[in-house]
Amino acid sequence: MKNYRTISISLLTSLLIGTLTLTAHAGWLDTLKQDISGSNAAPVGVTSLTQGEMYDGLKQALSKGVQTAVANLGHDGGYLNNLDVKIPLPDSLKHVQQAAHMAGQDKVADDFIATMNHAAEQAVPQAAAIFGDAITKMNVDDAKAILAGPDDAATQYFRKTSNDQLTEKMLPIVKQATAKTGVTAAYKQLMQYGGSFTSFMGQPKSFDLDGYVTGKALDGLFKMVAAEEKNIRQNPVARSTDLLKKVFGAKPQ
């Protein structure tokens with residue numbers, strides 16, 4: 001009887017240890033799965049997405065980024081009141097600004113800066129229509145790299161493949177806006193008040209006002225698009241369509 005009891009206790013002990021070991025092992029696997037995917041559900045991998053889903057998802061993300069950026073920038077104060085994208089006085093004109101300050105004409109420099117920013121604010125809404133075909137240059141490997149890349153990977157790719165084209169098409173729009181907002185007149189007034197100082201320091205090199213405003217307007221636009229892309233990648237709530245949820249919820253494999 002004693003041997004039977006001993007065997008039974010040993011058997012129960014073995015079963016209990018085995019059960020605990022399996023439970024601990026299962027718990028460890030569940031924890032590991034959560035660490036990898038952030039949930040108990042198995043993550044969708046980038047390689048499981050179709051080429052069309054990757055393209056369309058990236059298009060939607062860029063389109064949403066552009067729409068958000070234009071909405072934030074394309075109004076009075078959109079550039080001027082946003083320190084992240086505000087267009088500053090060019091470095092080549094800093095000594096002219098100093099001359100205006102010495103002459104007690106800080107407002108002249110401030111007005112020039114304001115008109116440049118207002119020109120960008122008027123031009124940028126029309127840029128939304130230009131952001132069309134750069135995405136068509138993307139291949140499957142590009143799309144996979146973008147989805148697996150940093151928070152601004154799509155914006156970086158978009159800028160690399162379309163910056164020259166955008167600059168070319170934005171320049172005439174900016175020229176109209178600078179004429180309308182009086183950028184050239186403000187520049188001339190600034191140079192007038194800085195005349196006595198510039199005669200001593202030497203005249204600044206030829207300055208392309210429209211090219212400068214265009215470049216800075218695009219810098220600000222891409223910066224805002226990148227911010228929205230980051231938001232889509234990091235914040236599931238910002239994924240406003242089923243496709244965005246699927247594509248940007250995918251994990252690199």
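Contact here means heavy atoms within 4.5 Å. What you have open is a predicted model, where local features need pLDDT of at least 70, side-chain atom pairs count only at pLDDT 80 or more, and totals for chains, interfaces and linings use all residues. Residues are numbered from 1 along each chain as its sequence is written, and side-chain values use heavy atoms, with hydrogens and water left out.

**Stop one: E53.** Select E53 in helix α2, residues 51–73. (Helices are DSSP runs of H or I, at least four residues, numbered from the N terminus.) Leaving aside residues up to four places away in sequence, E53 touches S48, L243, K246 and V247. Its relative accessible area is 18%, so E53 is buried (under 20%, using a 1.4 Å probe and protein chains only).

**Stop two: two aromatic pairs.** Rings of Phe, Tyr and Trp (its six-membered ring) pair if their centres lie within 6.5 Å; planes under 30 degrees apart count as stacked, over 60 as edge-to-face and the rest as tilted. That rule gives two aromatic pairs. Pick F112 and Y187 to see a tilted one, at 5.8 Å centre to centre with 45° between the planes. F112 sits in helix α4 and Y187 in helix α7 (residues 183–193), so this pair ties together parts 75 residues apart in sequence. F112 and Y187 are both buried.

Now jump to F158 and F222: their ring centres are 6.3 Å apart and their planes at 75°, so this pair is edge-to-face. F158 belongs to helix α6 and F222 to helix α9 (residues 209–234), 64 residues apart. Buried or exposed, what is F222? At 3% relative accessibility, F222 counts as buried.

Notes:
Helices (H or I, at least four residues) and strands (E, at least two) are DSSP runs, numbered from the N terminus. Buried means under 20% relative accessible area, exposed over 50%, partly exposed in between (1.4 Å probe, protein chains only).
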